Amino acid sequence: MLKITITDLPDEQRWSLQGQLVGQWAAELKSTWRAAHHAGDTRGCIVELIEVTSIDRSGEAVLAELMSQGVRFIASDVYIKHLLQNLRTELERDRMKNKQDGDISR
């Protein structure tokens with residue numbers, strides 16, 4: 001099970017997740033994100049993963065998508081911090097590759 005709490009503040013939107021970010025719950029987070037986060041919203045977004053107990057591949061994919069959209073994360077668990085660092089590294093690697101591919105195609 002995954003509990004999602006969204007707090008709207010004037011300068012940011014804060015999402016607190018509790019439980020398991022796996023399977024159908026990862027899909028629920030993705031669906032909730034798309035419904036609640038509006039493209040024109042200029043506020044920053046923070047997702048707290050402090051009370052997340054497990055993350056599977058589908059959860060990782062959702063976190064990577066949110067990260068690519070500029071979401072910042074708060075985590076206290078060593079494993080989740082490590083996972084987030086790996087996702088950041090992959091995202092940067094993809095950006096560099098896309099930039100190089102764009103330069104080559106010119």
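Tutor: Two strands pair if DSSP finds at least two bridges between them. In this predicted model, strand 3 and strand 4 run parallel and are joined by three bridges. Glu48 stands opposite Ile74 in strand 4.

Student: How are helices and strands defined and numbered?

Tutor: They are DSSP runs, numbered from the N terminus: helices are H or I with at least four residues, and strands are E with at least two. Residues are numbered from 1 along each chain as its sequence is written. Local features need pLDDT of at least 70, side-chain atom pairs count only at pLDDT 80 or more, totals for chains, interfaces and linings use all residues, and side-chain values use heavy atoms, with hydrogens and water left out.

Student: Which unit do strand 3, helix 2 and strand 4 make?

Tutor: A crossover is right-handed if, with the strands pointing away from the viewer, the path from the first strand over the helix to the second runs clockwise. Here strand 3, helix 2 (residues 57-68) and strand 4 form a right-handed β-α-β unit.

Student: How many bridges join strand 2 to strand 3?

Tutor: Nine bridges join strand 2 to strand 3 (residues 44-55), and the two run parallel. Trp15 stands opposite Val47 in strand 3.

Student: Do strand 1 and strand 2 run parallel or antiparallel?

Tutor: They run antiparallel, with seven bridges between strand 1 (residues 2-8) and strand 2 (residues 12-21). These strands form a hairpin with three residues between them.

Student: Where is confidence lowest in the protein chain?

Tutor: pLDDT is the predictor's confidence in each residue, from 0 to 100. The lowest mean, 87, belongs to helix 3 (residues 78-104), and the highest, 97, to strand 4 (residues 72-74).
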